[in-house]
Amino acid sequence: MSPFRRLLAPLAALTALTLLPAAPAVADPGPPPGSMASLGDSITRGFNACGWYVDCTSRSFSTGDNSAVNSHYLRVRAVDPAINGHNHNDARTGAKSADMYGQAGTAVGQGVDYVTMLIGANDACTGSESSMTPVSTFRANIDSALNRLRGGLPDARVFVISIPDVHRLWSVGKDSGSARTAWSLFGICQSLLANPTSTAQPDVDRRNRVRQRVVDYNTQLAQACAAYGPNCDFDGNAVFGYPFTLNQLSGWDYFHPNATGQQVLATISYPAGFNW
């Protein structure tokens, strides 16, 4: 157990004694898992992290086995080698929250002990602002997936990771001609990245609304994980709050994390979860 978690126990006891409102339960990490699965989209698939527009699952921050990335899987394996070879990447490039129920079913079929879920970027990064997933629909999709995990893997630990701050894509890439060309050529996240050099108020407001949608999604992820119970942990917006840089993004699309970005994602997210 991490020093942070050990400190929470006496603090919780003091809270109870003074009759203050109870603090949210902290997820119990339990023993290191012997198997794991990752749910999500192209970020979790390591898309564009090793080749031109291909999935690079070996460099996934979650279940990859590339030593430079040092994924969740490798960090767990360093503590308990029993997990060796039992790492399943069930994410799919292009996935949205609606796809989580199916991916959860795959993880249940694999009988894993640990599940990571990072989803939502594609719900906000769409062809236009109007086609973003409504917040209520997003929450329903997440609840459906988590309920399937809880029913099929009642003892598994589930780590829900916050969506990165996609607005930062615009702020770190808007002055790069290469980034602007890629965003336009490949139609990337036009809900946010259309007219990237515009300072007109409608464009500023649109970008802010897309960012707010991601904030709202992350709020729902936190609440859904809390409702799941003590076997679920949310990262406390650690990933959302990380100020990633342009050189941590793929130079082919300026959207997906490159290998360095995947390594940073693992480094930021793992200690914010069960941290075996």
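Modeller: A disulfide is counted where two cysteine sulfur atoms lie within 2.5 Å. Please note that this is a predicted model. Cys-50 and Cys-56 form such a bond, with their sulfur atoms 2.1 Å apart.

Colleague: How many disulfides are there by this rule, and which pattern do they follow along the chain?

Modeller: In general, a disulfide is a covalent bond between the sulfur atoms of two cysteines. The count here comes to 3 disulfides. With bonded cysteines counted along the chain, the pattern is 1-2, 3-4, 5-6. Besides the pair already named, Cys-125 bonds to Cys-189 at a sulfur distance of 2.1 Å, and Cys-225 bonds to Cys-232, also with 2.1 Å between the sulfur atoms.

Colleague: Is the disulfide of Cys-50 and Cys-56 left-handed or right-handed?

Modeller: The torsion about its S-S bond is about -95°, so the disulfide is left-handed. For Cys-225 and Cys-232 the torsion is about -120°, and that disulfide is therefore left-handed. The link of Cys-125 and Cys-189 is left-handed as well, with -65° about the S-S bond. This pair links distant parts of the chain, 64 residues apart: Cys-125 lies in the loop between helix H5 (121–124) and helix H6 (135–152), while Cys-189 lies in the loop between H8 and helix H9 (190–193).

Colleague: Which of these cysteines are buried, and which are partly exposed?

Modeller: The reasoning needs one cut-off: a residue is buried under 20% relative accessible area. Cys-56, at 2%, is therefore buried, whereas Cys-50, at 43%, is partly exposed. Cys-125 has 10% and counts as buried, as does Cys-189 with 5%. Cys-225 is buried at 2%, and Cys-232 is buried at 7%.

Colleague: Let us turn to the aromatic rings. How many aromatic pairs does a search of the whole structure find?

Modeller: A pair of aromatic rings is described by the distance of the centres and the angle of the planes. The search finds 10 aromatic pairs. In one of them, the rings of Phe-47 and Tyr-53 have centres 5.4 Å apart and planes at 85°, so the arrangement is edge-to-face. Phe-47 is buried, with a relative accessible area of 10%, but Tyr-53 is partly exposed at 28%. Another pair joins Tyr-114 and Phe-274: the centres are 6.1 Å apart and the planes stand at 90°, so this pair too is edge-to-face. Tyr-114 lies in strand E3 (residues 114–118) and Phe-274 in the segment after helix H12 (259–269), so the pair ties together parts that are 160 residues apart in sequence. Tyr-114 is buried at 1%, and Phe-274 is buried at 2%.

Colleague: Which residues do ring pairs link into a cluster?

Modeller: The cluster consists of Phe-47, Trp-52, Tyr-53, Phe-186 and Trp-252. Rings can also have a charge over them: the charged end of Arg-148 sits over the ring of Tyr-101, 4.1 Å from its centre. Likewise, Arg-168 has its charged end over the ring of Phe-244, at 5.9 Å from the centre.

Colleague: Finally, what is the order of the strands in the open sheet?

Modeller: Its 5 strands run in the order E2-E1-E3-E4-E5, with parallel pairing. Strand E2 (87–89) and strand E5 (232–234) are the edge strands, each pairing on one side only. From one strand to the next, the twist averages 15°. Strand E1 (residues 36–40) pairs with E3 in the parallel sense over 5 bridges, and Gly-40 stands opposite Leu-118 in E3.

Methods: Residues numbered from 1 in each chain as written. Predicted model: local features only at pLDDT ≥ 70, side-chain atom pairs only at ≥ 80, totals over all residues. Heavy atoms only, no water. Phe/Tyr/Trp six-rings, centres within 6.5 Å; stacked < 30°, edge-to-face > 60°. Buried < 20%, exposed > 50% of the residue type's maximum accessible area, 1.4 Å probe, protein only. Helix = DSSP H or I, 4+ residues; strand = E, 2+ residues; numbered from the N terminus. Lys NZ or Arg CZ within 6 Å of the ring centre and 35° of its normal. Pairing = 2+ DSSP bridges. Axes fitted to C-alpha atoms, helices over the stretch in contact; angles between N-to-C directions.
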